[in-house]
Amino acid sequence: MKVVVIGGTGHVGTYLVPRLVEAGHEVVCISRGESQPYLPHAAWNQVERVFIDRAAEEAAGTFGGKIRDMQPDAVIDMICFTLESCQHLVEALRGQVEHFLHCGTIWMHGHSAQVPTTEDAARQPFGEYGIQKSLIERYLMREAHLNNFPATAIHPGHIVGPGHIPVNPAGNKELDVFEKLAKGETLNIPNLGMETVHHVHADDVAQVFMLAMANWSTSVGESFHAVSGAALTLRGFAEALAAWFGQEADLNFMPWDQWKETVSEDAAAGTWDHIAHSPNASIEKARRLLGYTPRYTSLEAVFESVQWLADHGEIDIS
Ligand SMILES: NC(=O)c1ccc[n+]([C@@H]2O[C@H](COP(=O)([O-])OP(=O)(O)OC[C@H]3O[C@@H](n4cnc5c(N)ncnc54)[C@H](OP(=O)(O)O)[C@@H]3O)[C@@H](O)[C@H]2O)c1
């Protein structure tokens, strides 16, 4: 198949594009040309790179037409963030593609009631990002069910892998949290540390996309979580990471209002976003219908990322 990947040089594309090439697909990667894949791979020599700024083309009303004119059999949209943007593309591709795969997020759930959260749970999204992703998913599923538009939505958790910073045990992306755990220093944790984060290795997200394509009749009109087999509590995460560094975690639990004063405004906002969602998503549907078997646990994925940060001088864990 000819597969167009919109935003193919990012976290997920780094693994997905080589997987697509290895599976024998003709791959076109759309990006602005500002970023390169996180890891080198010989498969990129066989990929057609097309530089398009989606935002600019959408503003001009020409983005969907440009993608359609490439005559793809399948389109994988990694970077759609508003309902309007999705509608523009779907209108252009209606009746033109065999499969349309959208990258969403588990944030589309918002507050969970029963965990692990399943794909059919009632949506209670909050925050503009989660609300828009939820609207996109709803729109795509209706298009699939009512109008036979061949859409599948895949919802990753916190994406992890070499080259980028994992969400840490304080629920944000501050690098000093890793250093404190590595050095056996006291780490302040909000509340009781029982709120959760749910990581996934970028290659496991790529695996779900590949399985959805290989199981077309099962995946069209469906949403799937793409997360590791189990979420982590902040406390358990901190203890496991400290142990990986050869330390015993020295954790200081603080009520939210006090804790947030100990970090920057940005870090507090990041933590709030993560703990307010406290994601804990089920992979049972992807396992049952697609045969998804994550290669990485949350901790294995994080350890790989943290090792990369240390090897590249981003954190000092000596
Ligand atoms: N990060 C997470 O933890 C997380 C969690 C859940 C869901 N998600 C979802 O994952 C998706 C992002 O995937 P990712 O993390 O693999 O992407 P990413 O690492 O953010 O990479 C973005 C890709 O899109 C390209 N791009 C960015 N802006 C563009 C534009 N205006 N026009 C054309 N290309 C553009 C970038 O290349 P250039 O810079 O060269 O243009 C790059 O190829 C999003 O839908 C997000 O909601 C992410």
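This is a predicted model: local features need pLDDT of at least 70, side-chain atom pairs count only at pLDDT 80 or more; totals for chains, interfaces and linings use all residues.
**Entry 1: chain.** I looked up the extent of the C-alpha trace, which spans about 60 × 40 × 40 Å along its principal axes. The chain has 13 helices and 13 strands, which are DSSP runs (helices H or I, at least four residues; strands E, at least two) numbered from the N terminus. I read that 46% of the 318 residues count as buried, that is, with 20 or more other C-beta atoms, placed from the backbone, within 10 Å of their own.

**Entry 2: domains.** I recorded domain 1 (2-159 + 199-226) and domain 2 (161-198 + 232-279 + 297-311); their bounds come from an automatic or database domain assignment. Their centres, taken over C-alpha atoms, are separated by 29 Å. Each domain gives 14 residues to the contact, where two residues are in contact if their C-beta atoms, placed from the backbone, lie within 7 Å. On the side of domain 1 that touches domain 2, β7, β10 (199-201) and α7 give two or more residues, and β10 has the largest share with three residues.

**Entry 3: core.** I looked up the largest nonpolar core, which has 79 residues. Such a core is a set of buried Ala, Val, Leu, Ile, Met, Phe, Trp, Tyr and Cys residues joined through C-beta atoms within 7 Å. Its largest share, eight residues, comes from helix α7 (residues 202-214). Val-5, Val-208 and Phe-209 have the most contacts inside the core. Leaving aside residues up to four places away in sequence, I found that Val-208 touches Ile-154, Phe-224, Ala-226, Ala-286, Leu-290 and Tyr-292.

**Entry 4: ligand.** I found 24 residues around the ligand, the closest being Gly-7, Gly-10, Ser-31, Arg-32 and Arg-54; a residue counts as near if its C-beta atom, placed from the backbone, lies within 6 Å. The elements β2 (26-31), α2 (54-59) and β7 (158-160) give two or more residues to this shell.

Definitions and conventions. Residues are numbered from 1 along each chain as its sequence is written. A residue is buried if 20 or more other C-beta atoms lie within 10 Å of its own, exposed if 12 or fewer, and partly exposed in between; C-beta atoms are placed from the backbone.
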